[in-house]
Amino acid sequence: MSGINLKSKSFLDGLRLYEEDHKIDPEFVIEVLKEAILKTYQKHIDAPDAKVRVDISNGREMKIYHILSVVPDDFDTYDETLDIFLSDAQRINPNIKVGDEIEKEVDFAEIGRSSINVTKQMLKQKIKEYEKQRVFDEYKDKEFELVSGIVKTVDEKYVLVDLKTTIGILFKNEMLPTDI
């Protein structure tokens, strides 16, 4: 089994362009991607308590590992999404003991396209929240300050103003009669 190869020039270039255009920290994007993949896999196996590790090495290759607790072969409350029997674990690593944990690499093909679309939506949601927070942080200290922008749209009730990093709304009742 192998992970997803992120070396694709178009993927990396697209990611870099997106990070630059939206002024997003690349580490943030990687962490959000890891979190989205983790939650998607947990949902896929229907085990929100499952331990999962997402590894993105050198920003180029991504692998998912399902972490299982080693339990005795006669364990009463065995759960295949959380546990692995000692005899099965010893086939993988002969030195393993009860109570240890073992990582099994997950094949991305088993996750499925619909689950990956859920990951994509989660990624979009987190990035949108990040962008909103970034814009809020940029302008929160500028309340009651004069800022300049370019008028983009004039409507009956408001004017949309391009402020470079966001679009501002200026309501007509907040303007002077000579403004527009």
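Visitor: What counts as a salt bridge here?

Guide: A salt bridge is a side-chain nitrogen of Lys or Arg within 4 Å of a carboxyl oxygen of Asp or Glu. In this predicted model, the side chains of R134 and E138 form one, with an N to O distance of 4.0 Å.

Visitor: How many salt bridges does a search of the whole structure find?

Guide: The search returns eight.

Visitor: Where do R134 and E138 lie in relation to each other?

Guide: Both are in helix α4, four residues apart, so about one helical turn separates them. E138 is partly exposed, at 31% relative accessible area.

Visitor: Which residues of helix α2 are separated by about one helical turn?

Guide: E31 and K34, which are three residues apart in that helix, residues 26-44. Their side chains meet in a salt bridge at 3.8 Å, N to O. E31 has 43% relative accessibility and counts as partly exposed; K34 is partly exposed too, with a relative accessible area of 22%.

Visitor: Which residues are linked in a network of salt bridges?

Guide: E35, K39 and K126 are joined in such a network.

Technical notes: Residues numbered from 1 in each chain as written. Predicted model: local features only at pLDDT ≥ 70, side-chain atom pairs only at ≥ 80, totals over all residues. Heavy atoms only, no water. Helix = DSSP H or I, 4+ residues; strand = E, 2+ residues; numbered from the N terminus. Buried < 20%, exposed > 50% of the residue type's maximum accessible area, 1.4 Å probe, protein only.
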